[in-house]
Amino acid sequence: MTRRAVLSLSLLLLLLTPASAEAGRIERELVGYSVQGKPIVSWQQGGSEPDFRVLVVGSIHGDESQGMRVVSRIRQNLAGRRGPKGIGIWTIKSVNPDGSASGTRKNARGVDLNRNFPYRWDGSLDGGYNSGPSPASERETRAVMRFSRRFDFDLAVWFHQPWGRTLAPCDGQRRWAFLYARLSGLGTGGSCDRGRYPGSAVSWQHHELGTTAFVVEFGSGLQTRPVIARHARAVIRLARRMAPG
Ligand SMILES: [Zn+2]
């Protein structure tokens, strides 16, 4: 498909989206485009004019797909309902649609997007963790940065594989990751991980927005349906616990 065709298709998608403030409304937003011109699309669901804004990203590494199933499940759970009061949930299946299409970790330029964010970017990384020629060199990275600044998310949950644990930040935010671990049944393993990974999306979000962002690492391979469903519920329950009022 040509860039123009992709563009008009995504425009059509946006136009077809009901934008009313009724129960179960879905507002689709174009976050940006991948290197190969694939649209990165977010769905906003939940309460209208939310005070508490949540971002859920199913995948940034194209060979880690299970978080995208959690995103589908969250969308299903919120469809046709008003959703949690005062809480808005933005879901993105993949911020690396080229990698997701080809089943590869990195983007179409061979960059690990989760090492390309400008906070504590490390240019010495290469191979499997190639951080790119410069901080935020990749269009997918810049799209996520613009989108995050625009909505100023209070909570961001990013799904990965295959470590099989919830990664707790090492600062005061860790309690929310611990709570998520309890709600989802995926433990933290007792250690903390903040700042170990240069140029990561969650470290940048936490630094830039000053809010809570953490990673959930499923184990390798296909997760069961009950596990996916439990994580989808855990995200909403965590947001309810964190949201004021
Ligand atoms: Zn990953």
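Student: Which residues have the most contacts inside the largest nonpolar core, and how many residues does this core have?

Tutor: In soluble globular proteins, nonpolar side chains tend to be buried together. This is a predicted model, and its largest nonpolar core has 31 residues. V54, I74, F159 and L238 have the most contacts inside that core.

Student: Which elements each supply at least two residues of this core?

Tutor: They are the strands β3, β4, β5 and β7, together with the helices α2, α5 (174–184) and α7. The element that gives the most is α7, with eight residues.

Student: What other core lies apart from it?

Tutor: Another core, of 25 residues, lies apart from it, and L55, L113, V144 and F147 are among its members.

Student: Take I74. Which residues is I74 in contact with, leaving aside neighbours within four places in sequence?

Tutor: With those neighbours set aside, the contacts of I74 are Q45, V56, I89, T91, A232, V235 and I236.

Student: How does one check the length of α2, and what span should its residues give?

Tutor: Count 1.5 Å a residue: the 13 residues of α2 (residues 66–78) should span 18 Å. The end C-alpha atoms of α2 are 19 Å apart, which agrees. Just after α2, G80 takes a positive phi of about 75°.

Student: At what angle do α2 and α7 pack, and is their crossing left-handed or right-handed?

Tutor: The angle is about 60°, and the axes are 9 Å apart. The crossing of the two helices is right-handed. On the α2 side, Q66, R69, V70, R73, I74, N77 and L78 make the contact; on the α7 side, R225, I228, A229, H231, A232, V235 and I236 do. Sorted by class, the contact of α2 with α7 has eight nonpolar, three polar and three charged residues.

Student: How many helices and strands does the chain have, and where do they come along it?

Tutor: There are seven helices and seven strands. Read from the N terminus, their order is α-β-β-β-α-β-α-α-β-β-α-α-β-α.

Student: What share of the chain counts as buried, and what share of contacts joins residues 24 or more positions apart?

Tutor: Of the 245 residues, 52% count as buried. Among contacts with a separation of 6 or more, 70% are between residues 24 or more positions apart.

Notes. Residues numbered from 1 in each chain as written. Predicted model: local features only at pLDDT ≥ 70, side-chain atom pairs only at ≥ 80, totals over all residues. Heavy atoms only, no water. Helix = DSSP H or I, 4+ residues; strand = E, 2+ residues; numbered from the N terminus. Expected span 1.5 Å × (residues − 1). Axes fitted to C-alpha atoms, helices over the stretch in contact; angles between N-to-C directions. Left-handed = near helix turned anticlockwise from the far one by under 90°. Contact = heavy atoms within 4.5 Å. Nonpolar A, V, L, I, M, F, W, Y, C, P; charged D, E, K, R; others polar. Core = buried A, V, L, I, M, F, W, Y, C linked by side-chain atoms within 4.5 Å. Buried < 20%, exposed > 50% of the residue type's maximum accessible area, 1.4 Å probe, protein only.
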